[in-house]
Amino acid sequence: MSRKKNKSKGQRGVAAALATFQGDSMAIDSEVTSLQNSTAPTDGELTSTTISAGLKRPCPEDDHEDGGGWQTIENGRPVKKLKKIPGQESKRYPGIHFSTQARLFSKINVSSLRDLILYIFADGPAPQWVSVKHRPEFRKIVAIMVPGLDEAMFKNGLDFSAYTGPTLDQAISGGGAPDPDEYYPRELKKELLPEVLQPFADMFPHLWPVKAPGDDKYGKLHSPMPAMLTAPLPKSKGTGIQPVSEPHGWKNQRTRITEFLATNEELMEHGFPVHPAMLNPGEKKDKFKDPEGWVHTRVENLEDGKVPEGEVQQGSVTAGREVYALDCEMCMTGEAEYSLTRISLVSWDGSVVLDELVKPDKPIIDYVTRFSGITKEMIDPINTTLKDIQARLLDILGPRSILLGHSLDSDLKALKLAHPFIVDTSLLFPHPRGLPLKQSLKYLAQKFLNREVQKGGGTNAGHDSIEDAKTCLDLVKRKCEKGKAWGAGESQGENLFKRLARAGTAYRSTAGPEATGGAPVGKSSAAVDWGDVSRSAGNAATVTISCKSDAEVEAGILRAVKGDPDGLEVPGGGVDFVWARMRELEALRGWWNRNKLVPEDAGGPPALTDGDKKEEEEEQEDAASPLETCLKTLGERLKRIYDNLPPCTAFIVYTGTGDPREMSRLQAMQAQFKKEYNTPGSKWDQLSVQWTDREDQALRRALKVARSGIGFIGVK
């Protein structure tokens, strides 16, 4: 009996315990239900997917530290919950700070800003010029390119109605050893700024001098777009060339080969032989005479090459033209003198039209077999001369013929032949750093055709001119099938948007305990720009937003940051990284060269109608200072964007370049000089423009102005 009583008491105790547990469980279920029915949680709050085993209230210390909330229990042990977005007074709030102790010995450049983005969000190296605090806490990054700003604008008391730009002395400082005053950031004090630019002091602590990409030796300013939107390949990926990949949603746009013909200006700039059809009607064209030993194809006028639409087969990318790929091999016949030793001509269908060895008029002193593939034994029995080849080419090439090749100017100079219709793959796929650098044909074949060519380079086998000609042919065919934008954003690196998607890193504070120490989860991105963004490097972004005004750019940025309510185009909660460009200030100041861009080009300006031009002139007459009005609008626009950014967002504004107007004027003058100087029969003292050491030095000074950009870095 005693045992039964004891057992009965034990059963009653278990039953009581179960009742208590069930009551607690019901309370927990009630709490869970209320949480699930509530609005979407913020970072650090409990979601329905985190409920696994049980929940308990955190201790008072946790309430004090993190502001309350539930804590997940797994296997009887508490698991730390996701941290909430820290308040600005929190010790773990992210920041980007400059100190005089930083390792800064020269101006930062545009790629420095790109590397800062890669460090915060991906696998980039830590910057030495700023200190990044609490990197895991950054939620978003917004970078906006605003050409048209310069440092001289940020001087108090500036008369914007008379302001045209910084003087050479303002833009160029120092001539000896680098001075910290030249490259250290300038502190922004609101009371010392012009009223229209005072919002910058509310957003940023410093103004940074930023050097634009360029080449001082050759007087070239490179585009800041590839410098920001192309990331260097990480060492871990090795030196292998990654084949081009098409972005999501890519659509081919079949394009006629005539769209890729080099213009007269491009031919002149790149040193192609001058054909009389390229000259304007007048005395120079009438008196044109080929240099001794040279010939030109039988083309009277450029219009003779156009084929009537009725004769063009529908859908044909050749547009009724005869297309030939040309490649030559040369051997040395003197110091720095090369002569033709082999020519290969391939038609559009890939058949070999001409493949001949040629014996130079002068003795060969070096066969450079490792490149040319030519040997003494091959040339000795040959009787074909350069004149024989010229005669055959003049019979083949006519007004409707197009020559294509790689760095074709060298081949035409070896042939001593001029032809006005040229498609050059070194121009179709330019080097990201600009001239005089060019992409090699070997690289282009690997990148865009996934093909290995010139395997004999550096050996006795040398290059094969037929193989090279067919490679150029296939590159152009692929470009015609895909469209102008194909390969436009590719260079010797990795697209920034692709890098963030591939190597974007999340941390414990944003992705949970499994991301402790950093986890490669990929980062979403958006490109917001004028024109058709899908036809630029921005086409690799998760979201592309094309605009026609800065107001649309502002709206696009905020949409990308916050996301669409339905999440169909822009993910809910917005993307992680936004790159954008505002261009109205650039256009107002004349930095935007409308003559160099066609309206349909990516990012190109809208075509101005006569009404638009009249309206612009009236606005400039009525407004006391159009520049001041534009700067005021810009400052307000940037401040609205800043105010709407979520906490823990890095905010970067940069100009990309300095004032390029004087540099552009001098470069146009230099190009005109080269065009006239290279025209056969011209006399130096009769040229319409002169280019001496004086003009050359002026160009170098103007280039320094053009490379003197500025930038701003802050954290919301």
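Which residue stands opposite Ser-525 in E25? The close-ups below, all taken from a predicted model, start with that one.

**View 1. Strand E23 and its partner E25.** Phe-577 in E25 is the residue that stands opposite Ser-525. E23 covers residues 525–530 and E25 covers residues 577–581; the two run parallel and are joined by four bridges. While you are here, have a look at how covered E23 is: six of its six residues are buried.

**View 2. Strand E23 and its partner E24.** E23 is also joined to E24, residues 543–547, by five bridges, and these strands run parallel. To find your way, pick out Ala-526, which stands opposite Val-543 in E24.

**View 3. Strand E17, covered on both faces.** E17 spans residues 401–405, and five of its five residues are buried. Ser-401, Leu-403 and Gly-405 lie on one side, with Ile-402 and Leu-404 on the other, and all are buried.

**View 4. Strand E17 and its partners E14 and E19.** E14, residues 322–334, pairs with E17 in the parallel sense over four bridges. A handy landmark is Tyr-324, opposite Leu-403 in E17. E17 is joined to E19, residues 422–424, by three bridges, again running parallel. Here Gly-405 has Asp-424 in E19 as its bridge partner.

**View 5. Two buried cysteines.** Cys-331 is buried, at a relative accessible area of 0%. Cys-547 is buried too, with a relative accessible area of 4%. If you are wondering about disulfides, the count comes to zero, taking a disulfide as a pair of cysteine sulfur atoms within 2.5 Å.

Technical notes: Residues numbered from 1 in each chain as written. Predicted model: local features only at pLDDT ≥ 70, side-chain atom pairs only at ≥ 80, totals over all residues. Heavy atoms only, no water. Buried < 20%, exposed > 50% of the residue type's maximum accessible area, 1.4 Å probe, protein only. Pairing = 2+ DSSP bridges.
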